Amino acid sequence: MIPLMKPDIENGEIEAAVESLKHDKYVLGESVIKFEENFALYMGSKHAVSVNSGTSGLILSLSALGIKDGDQVLTTPMSFVATANSIIHFNAKPVFCDISMRNYNIDVEKTKTMTRGKKTAIPVHLYGNPVDITEMSEICREENVPIIEDACQAHGSEYGNKKIGTFGAAGVFSFYPSKNMTVCGDGGMVITDNDEIAAKVRKLRDYGRVSKYVHDELGYALRLNSVNAAIGLVQLRKLDKMNDARRNLAKLYTQKLADIEELIPPQETKNGKHVFHMFVVRTERRDDVIAAMKRCGIECGVHYPIPIHLQPLFKRLFGFADGMFPNAERLSRDCLSLPIFPSMTKDELNCVSENLHIFFGR
Ligand SMILES: Cc1ncc(COP(=O)(O)O)c(C=O)c1O
């Protein structure tokens with residue numbers, strides 16, 4: 001069986017978890033502080049504040065930017081639903097801008113006429129491939145619209161040699177087990193250079209606390225546990241190596257599959273460093289391919305079969321309908337994620353490639 005994805009967990013992570021269990025304070029212990037310090041250092045950001053999921057990171061970042069009832073937030077319809085859900089939690093309205101078929105991210109050119117009057121914009125670096133973030137930052141700056149980068153799939157990804165997540169007012173990461181780095185459970189991080197945003201996220205994740213039993217804001221319990229942070233610290237040290245492995249596998253896939261015309265290869269943003277959270281090809285025969293691969297013991301995936309605007313919740317709340325965002329709908333119909341994970345062997349990749357060749361009669 002070749003899985004779609006597999007976290008790279010070795011003795012280092014296990015030993016760090018045991019060590020934390022034995023010696024750390026379970027909540028907001030030493031490992032949490034170290035993980036945050038090292039994450040900020042790696043990213044080149046002033047602050048890193050850990051939380052218990054990427055979703056929490058998005059919600060608290062929006063809160064820190066002062067989002068309120070009735071505000072409008074610009075984002076992409078092609079992402080995991082959590083991106084747009086975070087907006088609805090505030091009774092605010094997601095305003096979708098269709099994706100570009102050039103890199104499957106929000107169409108930055110189109111955002112030019114859409115940023116005015118928005119409270120914030122949440123571009124998503126889908127599959128680990130950067131948004132044209134410099135251009136988007138300039139567009140948003142002109143209209144005074146702060147950006148929250150959803151970098152939940154893009155740990156270590158870069159645009160023009162600068163880390164993804166450091167372009168906006170805040171950058172948000174997820175450490176869910178399928179991600180490029182994990183804490184072996186749920187977890188997330190908000191990075192920012194802005195002292196107020198960092199302080200606000202830090203406070204809100206911890207009951208709105210100013211001191212042990214004094215609370216001056218309505219906060220939550222959204223902290224990352226110390227054992228998870230200890231694992232995250234080890235994963236962070238391995239992140240570049242794991243991303244290199246993903247990029248090498250992607251290169252090999254691209255070479256091996258080049259002769260199958262029915263498969264459109266992944267798109268890479270110019271000036272960007274794609275970290276291949278997913279290796280996504282496109283084919284009109286997507287569902288047949290998935291079934292055939294399953295019979296050969298190969299697990300494939302679809303990210304995502306329903307664009308966010310067509311999720312039942314979004315149709316019901318906002319009246320979104322078929323045909324509103326044609327590029328996202330097209331990608332939803334024909335995107336196919338092939339197995340990719342750092343410990344994937346060349347033999348495993350060859351097996352996927354050979355079976356795809358057989359399926360397409362090559
Ligand atoms: C693009 C994107 N945004 C947000 C999230 C939410 O992260 P989490 O699952 O950690 O809440 C995810 C992860 O699933 C994601 O892929």
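Helices and strands are here DSSP runs, numbered from the N terminus, with a helix holding at least four residues and a strand at least two. In this predicted model, Phe 276 has its place in the loop between β12 (272-273) and β13.

Phe 276 has a positive phi of about 45 degrees although it is not a glycine, and this residue is buried, with a relative accessible area of 4%. Another residue with a positive phi is Tyr 207, for which the angle is about 65 degrees, although Tyr 207 is not a glycine either. Tyr 207 belongs to the loop between α7 (195-204) and β10 (209-211), and with a relative accessible area of 34% it is partly exposed. As background to these angles, most residues other than glycine have a negative phi, and most peptide bonds are trans. The peptide bond from His 303 to Tyr 304, however, is cis, with omega near 15 degrees, and Tyr 304 lies in the loop between α9 and α10 (312-318).

**The ligand and its surroundings**

The ligand sits in the largest pocket, where 15 residues surround it, the closest being Gly 54, Thr 55, Asp 150, Ser 174 and Lys 179. Two helices, α3 (54-64) and α4 (82-88), each supply at least two residues of the shell around the ligand.

| Side chain | Ligand atom | Distance |
|---|---|---|
| Asp 150 | nitrogen | 2.7 Å |
| Lys 179 | oxygen | 3.0 Å |
| Thr 83 | nitrogen | 3.4 Å |

On its own the ligand has 380 Å² of accessible area, and the protein covers 93% of this area.

Ser 174, which is among the residues closest to the ligand, has its place in strand β8 (residues 170-174). Is Ser 174 buried or exposed? At 8% relative accessibility Ser 174 counts as buried, because the limit for a buried residue is under 20% relative accessible area. A polar atom of the side chain of Ser 174 lies 3.2 Å from the backbone nitrogen of Tyr 176.

Ser 157 is found in the loop between β5 (148-150) and β6 (158-159), and although its place is in a loop, Ser 157 is buried, with a relative accessible area of 0%. Beyond its neighbours within four places in sequence, Ser 157 is in contact with Gly 128, Pro 130, Lys 162, Lys 163, Ile 164, Lys 273 and Val 275.

Thr 345, by contrast, lies in the loop between β14 and α12 (346-359) and is partly exposed, with a relative accessible area of 39%. Thr 345 and Gly 297 are 48 residues apart in sequence, while their C-alpha atoms are 15 Å apart in space.

**Helix α11**

In helix α11 (residues 326-334), the buried residues are Asn 327, Ala 328, Glu 329, Leu 331, Ser 332 and Asp 334. What do the buried residues of α11 pack against? Their partners are α5 (108-111), β13 (279-282), α9 (286-295) and β14 (335-338). As a general point, an α-helix has 3.6 residues a turn, so residues three or four places apart point the same way.

Definitions and conventions:
Residues are numbered from 1 along each chain as its sequence is written. This is a predicted model: local features need pLDDT of at least 70, side-chain atom pairs count only at pLDDT 80 or more; totals for chains, interfaces and linings use all residues. Side-chain values use heavy atoms; hydrogens and water are left out. Buried means under 20% relative accessible area, exposed over 50%, partly exposed in between (1.4 Å probe, protein chains only). Contact means heavy atoms within 4.5 Å. A residue is near a molecule or strand if one of its heavy atoms lies within 4 Å of it. A polar contact is a pair of N or O atoms within 3.5 Å; within protein, one must be able to donate a hydrogen and the other to accept it, and residues adjacent in sequence count only if both atoms are side-chain atoms. Accessible areas come from the Shrake-Rupley method with a 1.4 Å probe; for residues, only the protein chains shown count as cover. On a 1 Å grid over the protein atoms alone, a cavity is a set of points where a 1.4 Å probe fits but cannot get out, and a pocket is an open set with protein on both sides within 12 Å along at least five of seven lines; lining residues have an atom within 4 Å of a point. A molecule sits in a cavity or pocket if more than half of its atoms lie within 2 Å of its grid points.
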